[in-house]
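Good morning, and thank you for coming. Please look at the model on the screen, and I shall take you through its ligand sites, its domains and a few individual residues.

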Amino acid sequence: MLVQNSKKRKANCKVMLIHPSNSAFVEQEGDRPPLGILYLASVIEKIPGIEIQLLDLTIEAKVDIRYFLSTFKPQIVGITITTPLFPEASRLASFIKELLPKTFVVAGGPHPSSLPEETLLSKGFDIVVRGEGEGTFKELVECLKEGEDFRSIPGIAYIDKNEFIQTADRPLIEDLDTIPFPARHLLPIHSYHMTILGIPATPIITSRGCPYHCIFCTKAVFGHQYRTRRPEKIVEEIEMILDAYGIRGFLFVDDTFTLDSHRTHRFCDSIIEKKMDIIWRCWTRSDCVDLYMLEKMYQAGCRIICFGVESGDQDVLDTARKGTTVKRNLEAIQMAQSVGLTVKAFFMVGLPGENETSIEKTLNFVDRAQPDMADFYVAIPFPKTFLSDHVEEFGIRVLTQDWSKYYQIGLEGKAPEIVQTSALNHQEVIQAQQKLQSCFQQLKKKKFTAKAAIF
Ligand code: B12
Ligand code: SF4
């Protein structure tokens, strides 16, 4: 099903925004609406004379895209692209150009922001919007709608007479509260199946950017500057979702939700004061929490907290410039569990310096920390990360440039073979990832059986 913006103004410019899919992992997805295109829609729907359609191919995997394109006939199509979605997005762009040659096709998101030239050379795309998209896309749509010259808009890249042109960087949006709430009414929100402890949930983002320098992390969109929304506005968005959709589960997809301790307290205080009946989950770092904060988060409805632990080996953490310690990771997990939170830990296998000993240390860490949930990913050098720019120095060999394989976990819980470290070949990296995952599952089973024996 596809929802169209309801205000049927006399349209004179039609814009379609697409989230593509990758069949290697699509079944794990379709669980949450893509905030990127929802934010873009929220700013362009304010432009008079614009008609918008959103198409999320993770929930519309079998949709006849030709039908939607030829009935809606958009003048502009925007495609949101992460690295593993790039080959499919590129095919889609070429298909759109064949079917509707006059349609202007725009690429945006982490992959085109990291590799704008490569994106444009793949054909099908007229322009790349680099980085944060709201301001740039709004200006671009206004220009195209009025038939004006767009070539000096900051934050874009295009090819002109075989020359790759990149305009000035667009400054980041200073006050995130000036951006309207994501246009959730343009997607069938109830078709998404994400839950938190069985309760239907939806994503919200309350800050952008992260000041840390983990070598595997992509900074091409929001950069290192941490910008936050005010707690009052976050609460207003939550109330709006409760009223409009009856959804009371929230996933905060901020990189590091609790980075600003004062803001975290103020946000939790508002939820507690208003006695809001919500539950939520967030991602953060072990050095950005303390007991008092965790207790308050629990009172405010937080039920799952996720930590990027990455490794049980301090040398691996240091080389990855994670900035945390094994000791602190262990303490934070125990502290969070002690206040009643369910803890999910994320690990990465195959970081520089990974070897049999470091894998054993991670295994040992999992055994000691006993997180309630854990995912073990393979460390992938995504384009333009510090890791991908320094693979040789790190002794990492990259085996493929097929971007469709750049995902950390596929359908059978298995990652594609992409890297080898100086000590582990590509098969050993995957074996280690699978060993860790299965040891964790056995540990969980043991814990469950022990609990059952007690009660
Ligand atoms: C939530 C999340 C997920 C969720 C949900 C993804 C979704 N469909 O929304 C899940 C867990 C499923 C996920 C999976 C993956 N993720 Co993820 N994810 C995130 C996270 C934390 C937030 C995404 C978000 O909602 N951001 C908020 C919105 C507003 O930002 P945005 O989408 O980037 O959009 C803005 C701009 O990019 C731009 N823009 C985006 N699209 C377009 C399109 C056009 C036309 C224009 C003009 C502009 C534009 O404008 C938007 C508004 O400013 C980001 C990190 C981050 N802070 O963004 C990582 C991030 C996007 N993920 C990343 C990765 C690596 C993955 C996986 C590959 C990991 C894996 N498991 O294998 C998969 C790929 C899945 C996929 N479908 O592509 C990387 C991407 C790196 C890269 N080069 O592609 C990021 C950047 C993390 C990081 N810092 O390294 N992810
Ligand atoms: S991995 Fe997390 S903590 Fe590290 S730089 Fe990226 S967002 Fe920040």
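A word on conventions. This is a predicted model, in which local features need pLDDT of at least 70 and side-chain atom pairs count only at pLDDT 80 or more, while totals for chains, interfaces and linings use all residues. Residues are numbered from 1 along each chain as its sequence is written, and chains are lettered from A and ligands numbered from 1 in the order in which they are written.

Next, ligand 1. It is surrounded by 37 residues, and the closest are Gly36, Gly78, Thr80, Gly108 and Gly133. Helix H1 (35–44), E3, E4, H4 and helix H6 (134–146) each supply at least two residues of the shell around ligand 1. H1 gives the largest share of that shell, four residues. The class count for the shell around ligand 1 is 20 nonpolar, twelve polar and five charged residues.

I turn to the two domains themselves. The C-alpha centres of domain 1 and domain 2 lie 29 Å apart. Their contact takes 18 residues from domain 1 and 19 residues from domain 2, where two residues are in contact if their C-beta atoms, placed from the backbone, lie within 7 Å. On the side of domain 1 that touches domain 2, the elements that give two or more residues are H3 and H4. The largest share of that side, three residues, comes from H4.

At 1.5 Å a residue, the 14 residues of H3 (residues 86–99) should span 20 Å, and the end C-alpha atoms are 20 Å apart, which agrees. The expected span is 1.5 Å times one less than the number of residues. Which residues of H3 are buried? They are Phe86, Ala89, Ser90, Leu92, Ala93 and Ile96. Seen down the axis of H3, these buried residues fall within an arc of 160°, so they line one face of the helix; the arc is that of the directions from the helix axis to the C-beta atoms. An α-helix has 3.6 residues a turn, so residues three or four places apart point the same way. What covers the buried residues of H3 includes strand E1 (13–19), helix H2 (65–72), strand E3 (76–80), strand E4 (104–108) and helix H4 (110–114).

As for the term itself, a residue is buried if 20 or more other C-beta atoms lie within 10 Å of its own, exposed if 12 or fewer, and partly exposed in between, with C-beta atoms placed from the backbone.

Some individual residues follow. Gln75 lies in the loop between H2 and E3 and is partly exposed, with 19 other C-beta atoms within 10 Å. Not counting residues up to four places away in sequence, Gln75 touches Cys13, Lys14, Thr103, Phe104 and Leu144.

Glu310, in strand E14 (residues 302–310), counts as buried, with 24 C-beta neighbours inside 10 Å. Leaving aside neighbours within four places in sequence, Glu310 is in contact with Leu317, Ala320, Lys322, Phe347, Met348 and Leu351.

Finally, two backbone angles. Asn162, in the loop between strand E6 (156–160) and strand E7 (163–166), has a positive phi of about 65° although it is not a glycine. Lys275, in the loop between helix H8 (261–273) and strand E13 (279–284), has a positive phi near 50°. Asn162 counts as exposed, with 5 C-beta neighbours inside 10 Å, and Lys275 counts as exposed with 6.

Conventions:
Near = placed C-beta within 6 Å. Nonpolar A, V, L, I, M, F, W, Y, C, P; charged D, E, K, R; others polar. Domains from an automatic or database assignment.
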